[in-house]
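Please look at the structure below. A few questions and answers follow.

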Amino acid sequence: MATATSFPVTLPTAIPVREILPWAIFGGLMLALGIYFVGVEEGAAAVFNSAYVHEFVHDGRHLLGFPCH
Amino acid sequence: MTGRLLLRGMLAGLVAALLSFGFLKLAGESSVERAIAFETAADAAKAKASAEEAAAKGQPAPVAAVETELVSRPVQAGVGLLTGVVVYSTAFGGLFALAFALCFRRMADLGPRATSAVLAALGFVAVYAAPMLKYPANPPSVGLAETIGMRTSLYFALILISLAVIIAAGMLRIRLLPRLGAWNAALIAAGVYVAVMIGISLALPDVNEVPEEFPATVLWQFRVASLGGQAIMWATLGLLFGVLAERLMAPHGARA
C-alpha cells in the first residue's frame, strides 16, 4: 500500500516554449491592437481620420488610466 | 494547450470586464460627470470673459466655436464605457493566458490556480499600480491637448519598463532561490523591483496639468474609482482563469 503523502497530486509539466511561441506572436499582436484602439486611437496617434473611436470609448479610456485630451 | 488557455484567458477577461464595468459605472461615472461639468463651466466663463473684453473695445462679440457632439454622453457612459472595458480586459485576459503558459512550472512549483493568482497580482502591480503612482489616471478637463503625445509615450514607456523590471526581478529570484531559500529570494527580488521603479519614476519627467480651480475631491474619487476598477479586473482574471486552467490541465480523474 502506498503511504499517504501531504502532496499526492503531481503537477502537469510546463508547456514547451515552442508550442507557446506562435500563439504568443499572433495572439499578442491581435490583443495589443485591441488595447491600442481603446487606449490610444485618435488621441496620440490615429489610424482613422475622425474622432469617433476616441469619443465612443472616451469614458473607458479615462477610467482605465490612459492619458486623454 | 496554449490555444485553449488563450481562449479561457479571454473568457475570464470578459467576465472580469463585466464586474469592472459595473464598479466603474457605479463609482466612477459620477466623477466623470462632475469633471465634465467643471470643463463646461470653465469654457463658458472663458467665452463670457472674451465677449466682455470685445464689448469693452466696442467690437462685436467673438463667435464661440460650437463643439459638435459626435457621441452623446449617455452612450459614452454606457455602451462606450462597456466596449472600452470589455476590449481592454479581454485583451489583457488573452495576454495573461500567454504569460501564464510561459510561467507555469517555470516561475514556481505551484498548481494552475495558485500560479494564476500570483501572476495576476504581479500583473496588477506591474501594468497598473506602479505606473499609476507616477502617471495617475486623469478625469476629463485634466490634461492639455498639446501634450497628449508626450504623456502617452511616457505612460506606455513606464508600463513597458515596469514589466521588464518585474520580469528581471522574477529571474533574479529564481537564481537566488538555491542559495537564499524561498522567502529571502522573494524579498530581495521584490526589493529590487521597488527600488528600481522608484529610481525610474523619480528620473522621468513630472506631468501636472490639473487646472487651478479643479475640485480635489473629484480628482481623488476619479483616481480611486480607476484603481478599484483595475483591482477588480485583475482579481477576477487571476482567480477565474486559475479555475478554468486547472480544469483544462488536470489529467482526467486526478483533479484535486
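Q: Which residues have the most contacts inside the largest nonpolar core?
A: A nonpolar core is a set of buried Ala, Val, Leu, Ile, Met, Phe, Trp, Tyr and Cys residues joined through C-beta atoms within 7 Å. Buried means 20 or more other C-beta atoms within 10 Å, exposed 12 or fewer, and partly exposed in between, with C-beta atoms placed from the backbone. The largest core has 64 residues, and those with the most contacts inside it are B:Val85, B:Phe96, B:Ala97, B:Phe100, B:Ala101, B:Leu237 and B:Phe241.

Q: Which helix gives the most to this core?
A: Helices are DSSP runs (H or I, at least four residues; strands are E, at least two), numbered from the N terminus. With 16 residues, the helix that gives the most to this core is H2(B).

Q: Where in chain B is B:Ser141, and is B:Ser141 buried or exposed?
A: B:Ser141 is in the loop between H3 and H4 of chain B. Its phi is near 80 degrees, a positive value in a residue other than glycine. Because 21 other C-beta atoms lie within 10 Å, B:Ser141 is buried.

Q: In which loop does A:Glu42 lie?
A: Phi of A:Glu42 is also positive, near 65 degrees. A:Glu42 has 19 C-beta neighbours inside 10 Å, so it counts as partly exposed. Its loop is the one between H1 and H2 of chain A.

Q: What kind of model is this?
A: Residues are numbered from 1 along each chain as its sequence is written, while chains are lettered from A and ligands numbered from 1 in the order written. Local features need pLDDT of at least 70, side-chain atom pairs count only at pLDDT 80 or more, and totals for chains, interfaces and linings use all residues, as this is a predicted model.
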